[in-house]
Amino acid sequence: CLSVFIKRGEISNFQYLMHLNTLAGRSYNDLMQYPVFPWILADYDSEELDLTNPKTFRNLAKPMGAQTEDRLTQYKKRYKDWEDPNGETPAYHYGTHYSSAMIVASYLVRMEPFTQIFLRLQGGHFDLADRMFHSVREAWYSASKHNMADVKELIPEFFYLPEFLLNSNNFDLGCKQNGTKLGDVILPPWAKGDPREFIRVHREALECDFVSAHLHEWIDLIFGYKQQGPAAVEAVNVFHHLFYEGQVDIYNINDPLKETATIGFINNFGQIPKQV
């Protein structure tokens, strides 16, 4: 059992998560089922990170939609009040996903071939600058607090690849409404303006004692028993039914338009990992 190895310190948390992603059928070869990693920090403002302070960290026992009481209340209300006149769509908390081809491409947009993949997904042009990934801090607050349509998690590159944070190819990513021109990703103060330092500290945080003690709680949500069913409802972790593998038999949909729409939905919005 992988958990035994991690408790003994025989594999790192990073290796553990990669093994789980592989077992769940996720790989670098498929942007629609790309390896998913958790946001682990909640502090993107301090000059130095205190890895002994629990407040430094994201609540790994809760999905991204439940990181604040306000959002938690709104998602619970959505589930409770859900009505589908056609009876085809069961109640859900989240109509967007934590991992999709677009999310992966948006994180890696400054690197080829992901730049071209992003442009293809976007119809040949970059997104509005205010919606582009340009700040780690703002991405955290969007996914954990401010944006009800954003519950995205991270990808493995946040823990080993500083190059994806740099606009080394000098792509014209546009300007925000406040006039800020997009370039390199804006890093939290504790990264000292250095992508390599960001990766070093972020990886150190992933491997610290606090995360090792609580990582299994996030794994239960993404890969384990809180992924679906009554446990998912209780954990406020229910997604649109089309995000779950095997929830619809595409080959038995008689309406061609409905079939195309269903396939497009699954391809564009992501899929829950296989339960392990």
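Residues are numbered from 1 along each chain as its sequence is written, and side-chain values use heavy atoms, with hydrogens and water left out. Because this is a predicted model, local features need pLDDT of at least 70 and side-chain atom pairs count only at pLDDT 80 or more, while totals for chains, interfaces and linings use all residues.

Biologist: What is the omega of the cis peptide bond that joins E112 and P113?

Modeller: Most peptide bonds are trans. P113 is found in the loop between α4 (101-107) and α5 (114-121), where helices are DSSP runs of H or I with at least four residues, numbered from the N terminus. The bond joining E112 to P113 is cis, with an omega of about 5 degrees.

Biologist: Is V236, which has a positive phi, buried or exposed?

Modeller: Most residues other than glycine have a negative phi. V236 is not a glycine, yet its phi is positive at about 55 degrees, and it is found in the loop between α9 (230-234) and α10 (256-269). Relative accessible area is judged with a 1.4 Å probe on protein chains only, where under 20% is buried, over 50% is exposed and anything in between is partly exposed. V236 has a relative accessibility of 4%, and therefore counts as buried.

Biologist: How many disulfides does the count come to?

Modeller: A disulfide is a covalent bond between the sulfur atoms of two cysteines, and the rule here asks for a pair of cysteine sulfur atoms within 2.5 Å. C175 is partly exposed at 47% relative accessible area, whereas C208 is buried at 10%. By this rule the count of disulfides comes to zero.

Biologist: How many residues apart in sequence are the parts that the pair of F37 and F159 ties together?

Modeller: The structure holds 23 aromatic pairs, counted for Phe, Tyr and Trp (its six-membered ring) when ring centres lie within 6.5 Å, with planes under 30 degrees apart called stacked, over 60 edge-to-face and the rest tilted. F37 and F159 form a tilted pair, 5.6 Å centre to centre with 40 degrees between the planes. F37 lies in the loop between α2 (13-23) and α3 (69-80) and F159 in the loop between α6 and α7, so the parts tied together are 122 residues apart in sequence.

Biologist: Which residue has its charged end over the ring of F14?

Modeller: A charge sits over a ring if NZ of Lys or CZ of Arg is within 6 Å of the ring centre and within 35 degrees of the ring normal. At 4.3 Å from the centre of the F14 ring, the charged end belongs to R203.

How values were computed
Helix = DSSP H or I, 4+ residues; strand = E, 2+ residues; numbered from the N terminus.
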